[in-house]
Amino acid sequence: MRREVQFKLNGRDVSAQVAPHESLVEVLRENFGLYGARESCGQGMCGCCTLVVNGTAVSGCLYLATLAEGARVDTIEGGTELDAVQQAFIESGAFQCGFCTPGFILMTRQLLDEQPDPDEQAIKHYLSGNLCRCAAYPEIIEAVKLAARKRRKA
Amino acid sequence: MKRATQSTETPQVGRSVPRLESWLKVTGRAEYVHNLRLPGMLYGKIFRSSVAHGRIKRIDTSAAQTLAGVYQVVTSEDIKKVVPDPYYGPAFHDQPILAIDKVRYVGEPVAVVLASDPHVAEEAVHLITAEYEELPAVYDEVEAVTSKAIVHEVLRPAGTFPDLKHLKDRKNTNVALDFHLRRGDATAAMKKAAHVFEHRFTTQQVMHTPLEPLVSVAESTESSLTIHTASQSPSFVRIEIARLLGWPENKVRVRVPFLGGGFGAKLYIKLEALVSVLSLLAKRPVKISLTMEEQFFTITKHASTFRIKSGVSKDGRILARECEVWWNGGAYADIGPRVTQKSGFTAPGPYDIEHVAVDSYALYTNLPPAGALRGFGIPQLVWAYEGHTDLMARELGIDPIEFRRRNLLREGRPQATGTVMKDAALEKVLERIETLMDWKTPLNRGTGTVKKGRGVAIGFKACVSPTTSLAAVNVNADGSCIVYCSTADMGQGSDTAMAQIAGEVLHMAAESITVVHSDTDVTPYDMATLGSRSLFHMGNAVKLAAQDALSKLNFLRKELGLAADCPIPDIFKKKYGMQAGNVAGAGSYIPSYKSPDANGLTDNATPFWMVGASGVEIEVDTETGKVRLTRLINVADVGTPINPKIVETQISGAAIMQLGFTLHEKMVFDAQGQLRNASFAEYKIPGLLDLPKEIINEAVTAEQKTGPFGGKGVGESGTFGVSPAIANAIHDAVGVRLTSLPLSPESIWEKLK
Amino acid sequence: MSPFELVAPSSIAEALALLEEEGARPLSGGTALMLMMKAGVLRPPRLVSLRKLGLEKIEAGGSLRIGAMTTLSALERSPEVRKGWPVITRTLRTLSNVRVRNVATVGGALAHADPHMDLPPLLSALGARVTLAGKGGERAIPVEDLYAGYLETTLRNELITRVEVPALGKRGAAYLKCTTRSADDWPAVGVAVVLGGEDRIFVSAATDRPTRIAGEAAIAGLKIEGDLHGSAEYKKHLVKVYLRRAIDEARNAVY
């Protein structure tokens, strides 16, 4: 039985007809054509499905869309310009196939919001739940450090 | 190279151009087939075999068919209506689109449910039941040689690739291919050697797990088909689907956007034949998007057993070597026979050995099929021969690097096939590893429960040959440039590299060039994106195509009486009176090659060699067997790096991926051939917390003279030495020699206690 | 996933009533539940969300009282927890990943009864008690009494409403776990140790539930089975090693 769910998506008020078993990733893809969050491992372990709900990063493939009612949902597609994190990822060459990249970028933003100057251990721990099979990990660590510096300058 | 004052003075090649698709990837807007939705599209969910080997007695789809929302349920009976002989494969036409008469591994596709809601399709799959008459199964590659359990009653060789043409029709055997190489007389030379060493090494079955799981979509009319697929080999897909349907190639279109990782998993036919036929049956677009779990039941990496024996002189020179390698190919051959053959001839390693005997066997077993995975058999071989090398060095009391130096193949010397080594910087790579490892400084191994150790390993790989790449380059009326090639960018940066090569020829900034992704209606033939061949083959083709375009532009300049440095837009304006027209350049490249003779010998085995070495420093917690890498150093010969930054990340990425195969990853089966760990919860790939403390990646200064601007492939080179370097380091640290992968803490502790 | 009804009651009594439906399951963070539903292991016809029951408070004053719907992230960030029970803060840092911690709850973590989890043995060692609400009223039991076996609790149609952790004081505490594959793996062995007065030592992961032992001598008698993380023999050995290390760390804990 579909139910209407209303929420804020990347700053805009939206609504969607949602079945109880549908995940937030599914609804964003099917109803809104947003493909930056992807279901990969299906178990919340890889981070490709990362979404930000009410300012908190969640695994979108395990998040029931119904529960987004009244919430603020932010995806990688939000924003009009590349932010410091996205720029840092480009400059550091911190991606290869790019499938995990939106997840890493969203998580990095969260990390830097909470810890503006994380050391390498803090970075590794915070992003330990994001996997990259291309193993761009060293470049990702550099990108996070660079993003932190860029943010501090701004 | 002299450059006219055109669009840019900056060289394109040798510059760390940021990837062309950067904006797309950081904004989540890059196109992947994973995202594709077409109007009217049906989702297919696969019902899979629950037994490892059995005759299909009955498939009951009745309950599934009546579930609300189910469009159709398909079995091989339906498939045969469209494709009467529905078997495919690059080496053997042994793999049925859906199981016919028999199932040969747990997880083999038996039926498909089509529905417009994927949840409904999945629900319906659970309502399908099948009955099997179970047959004896075989899982081990060595056992498969003599086992009474025969996976395929009759073998069916294909003729698609020129180097596999000689495969004979075989019956009553699990040996799909046997490759033999004989140079000199290893048996006799062995008898005269001062020392004889023999060891046995094994590796495990693992899976590529690209984060974009395998996915294909097909849409059809009554006489044409478009397949959108995450594939590294669009041209092959077109040829094979056309063959299956009995259609001309130009009625099958294959489109490939970006791949969310490939690593060899997305090659040849995986889901393409299935979605194509389903689409023709349903008369609607059909998408099959595998889950991460299902990938394990689709394609994997060969487990292997390698018996290696060397006869060594008093002063540590390897005089003779025998290699016997058994490759566990799983239930369907896929490209296993090529792995067996192409890596087979490098099994003796990058060493100067006069007498060599290689016997390499591709085996069928009742496990998920094995195929190409980054390294293509080389990591398994290097695992064995570099462990063997260290063991011999230790026995003889010779420093491991010195021992290698004494035996390493040098420029101008013949490799096991007889092919003379050219542009393979083995010595340089070994020396660089020695320097970066500070090898001459003794290592303090420690006196407590944590012991330090270090090890090195070096390997090499030939490039599959002969293969062809073609490319087209368009220069438009405004001077902008488009490159068309069927190379798939799966993260290795091929779009960027091809733009750099074209830009170098045409004096244009790489960033200004558009690279059109594989679309077989548009982009010309390419053998495939695999085995690190694209930079060399497609790079050469793109270079030729750009040169063709350039010479056409120059010809136009002359013809129209324009200056030699006349800007391109002016040429077109002069020719057409307005901004109109374009110049099209074409390039086609196939390297020279000579097929091996009956002894596996040839003087032209490969258009180029790849060289990769690794050195590691580790700590072993002797109380638990846990290993921590403090340093991981990877050095490769990539010729001239076209894009130094991307080269570095390719070496690094390959090495870190190989860490997973070395320390954590293993597909574990129970006694009934049932996979126990088909998910990321129980199949553990490397994460950020698994990184070595320090990683250094370098490409030595070298040149591949026949490569585009001196370049050659790099994607696999970082995989070669990692596993044996770590095993050698463990031996160095705690005196324990492991000959099986993965190097689990328990396996180390077992030997220590 | 098969279709289900999702309800969000605003009182515990209402929640308990809704849970009486055959197969109905409580939904807290949903991480574990979603995994089991996607795998087809669980097919509840009704999910009862606990998000509107007001169980998210953390109160520290003497003892630590944690509402069952407190997310693991909130617990991790709590300054009171860091001050009074730093071993909890430390343990949370490597518990699963940040996204999981952002939605998973303390109550959910305890109710899942997966012996590989970090909080059950640690809270058991800390002497924590859970308050359970049922139709007949409330009762409080030690955390370790929640567990009957692998994925099996002793809950009788009850909901965990809060966890109360006694003051740690100057007692040394440590929780160590050993992963045998990648770092981000379910542990093969977990050992929680709280020293002082009466030592409280709990072994988990290798056992089917958090299991209290008096000391190293008791390890031989533990019922341990081999699995993908290691053989029984190896795991028993790891318990010995990690017990020693946990005791060392607890002894050297500085506040």
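Reader: Which residues of α18(B) are buried?
Author: V722(B), S723(B), P724(B), A725(B), I726(B), A727(B), N728(B), A729(B), I730(B), D732(B), A733(B) and V734(B) are. The model is predicted: local features need pLDDT of at least 70 and side-chain atom pairs count only at pLDDT 80 or more, while totals for chains, interfaces and linings use all residues. Residues are numbered from 1 along each chain as its sequence is written, chains are lettered from A and ligands numbered from 1 in the order written.

Reader: What makes α18(B) largely enclosed?
Author: Of its 13 residues, 12 are buried, so the rest of the structure largely encloses α18(B).

Reader: What makes Y71(B) count as buried?
Author: Y71(B) has 20 C-beta neighbours inside 10 Å, so it counts as buried (buried: 20 or more other C-beta atoms within 10 Å; exposed: 12 or fewer; partly exposed: in between). Y71(B) sits in strand β3, residues 70-74 of chain B (DSSP runs: H or I of at least four residues for helices, E of at least two for strands). Leaving out residues up to four places away in sequence, Y71(B) touches L42(B), L114(B), A115(B), S116(B) and A282(B) (contact: C-beta atoms within 7 Å).

Reader: How do you know that α18(B) is close to its expected length?
Author: The 13 residues reach 18 Å from first C-alpha to last, close to the 18 Å expected at 1.5 Å a residue (1.5 Å times one less than the number of residues). Just after α18(B), G735(B) has a positive phi of about 70°.

Reader: Why are α17(B) and α18(B) called oblique?
Author: Helix α17, residues 644-664 of chain B, packs on helix α18, residues 722-734 of chain B, at about 60°, with the axes 9 Å apart. The cut-offs are under 35 degrees for roughly parallel, over 145 for roughly antiparallel, 65 to 115 for roughly perpendicular, and oblique for the rest. The two helices are therefore oblique.

Reader: Which residues meet where α17(B) contacts α18(B)?
Author: A655(B), Q658(B), L659(B), F661(B) and T662(B) from α17(B) meet V722(B), S723(B) and I726(B) from α18(B). This contact divides into 5 nonpolar, 3 polar and no charged residues.

Reader: What does chain B bring to chain C?
Author: 20 residues of chain B contact 16 residues of chain C. On the chain B side, α4 (118-125) and α19 (745-752) each supply at least two residues. α19(B) gives the most, 3 residues. By class, that side has 6 nonpolar, 7 polar and 7 charged residues.

How values were computed
Axes fitted to C-alpha atoms, helices over the stretch in contact; angles between N-to-C directions. Contact = placed C-beta atoms within 7 Å. Nonpolar A, V, L, I, M, F, W, Y, C, P; charged D, E, K, R; others polar.
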